[in-house]
Amino acid sequence: MGKEKVKIIEVGPRDGLQNIKTFVPTDKKILFIKKLAACGVKEIQIGSFVALRAIPQFKDIKEVARSVSSLQRVVLSALIPNEQGAEEAISNGIKKFIFFFSISRAHNCCNVRQTPQESLKELKRICRSYLSGPSITLRVDLATAFGCPFSGNITTAAVLRMVDKVAACGIKEITLCDTVGFGNPRMVEDKFSACRQRFPQINFGAHFHNTRGLALANALRAYETGVRSFDTAAGGLGGCPYASGSSGNVATEEMVFMFEEMGIKTGVDLKKLLGVCFFLHKTVPQAKLASSLYQAGLPNISNHGYKTQWKHSATS
Ligand code: ZN
């Protein structure tokens, strides 16, 4: 005990905002990212270099990327769907790419209009062009790893087959995503143990949505199977395109609270993080912040040593 730690990867500016229909002003996005970095978050996904008409929320991604590129002690990453996105990301100062596709053929065809095989070909092109250089890292996200809204169950064998193909491209970091909140702790254990056992060279990350309330339970199970990287969004920002009105990504503050209270270090300042939630609450009022911790505030007795109860109304 005492030396255990996890890496929290903040995806609010990307996965959180992409589900919000109203455009969030560029200066507010930049401030959001800067505030997150000031909390001690080690990695932030700042947005997506996608076609403008695909996700209008990211039409200002170049400006956002340039404005935060000088931030220190934080890795800034962005989603890139193809080589063009990668090129734009590099020229705007981004050195870590996230390439993403679904294990489910039906979901991938609906989401990015190509089969998983075609996505793999795109991934290979990106690897050939960028992975040989010294400064670019590439992470691959496998969506619907815990179930698909169209084709239902995704077997562990199907996950392993896809991980095998991605690993063969030279990728060292792979995240299994519960895109729609179908996962449960037993499934999480099965899939991550199988993956970690078969591919010990890969750094596996977990991306859980709290659509059906199981995100923290799933995260804890993933931790117990050896996973140490977790995607989260401040305030539980986001939603699920297949379940309207549902809650979004697992909330960063709840994940941080859970681990820190257990004596597992995250490096994130929880009080500052709740300040970021309050900023979101004011700035993006249309986004429902589905975070119990934000609603309740910090307890006045804590294993982590917080002395006073924190109320979001107190900092206004
Ligand atoms: Zn997501």
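I searched the whole structure for salt bridges and found 13. I count one when a side-chain nitrogen of Lys or Arg lies within 4 Å of a carboxyl oxygen of Asp or Glu. The model is predicted, so local features need pLDDT of at least 70 and side-chain atom pairs count only at pLDDT 80 or more, while totals for chains, interfaces and linings use all residues. Residues are numbered from 1 along each chain as its sequence is written, and side-chain values use heavy atoms, with hydrogens and water left out.

**Charged pairs**

I looked up Asp 15 and found a salt bridge to Arg 14, with the closest N and O atoms 3.6 Å apart. Asp 15 is buried at a relative accessible area of 5%, and Arg 14 is buried at 2%. Buried means under 20% relative accessible area, exposed over 50%, and partly exposed in between (1.4 Å probe, protein chains only).

Asp 141 and Arg 139 form a salt bridge at 2.7 Å, N to O, and both residues are buried.

Lys 265 pairs with Glu 260 at 3.7 Å, N to O. Lys 265 is partly exposed at 40%, whereas Glu 260 is buried at 7%. I also noted one network, in which salt bridges with shared partners join Lys 7, Glu 43, Lys 96 and Glu 173.

**Nonpolar core**

I then looked up the largest nonpolar core, which has 99 residues. Such a core is a set of buried Ala, Val, Leu, Ile, Met, Phe, Trp, Tyr and Cys residues joined through side-chain atoms within 4.5 Å. Phe 230 is among the residues with the most contacts inside the core.
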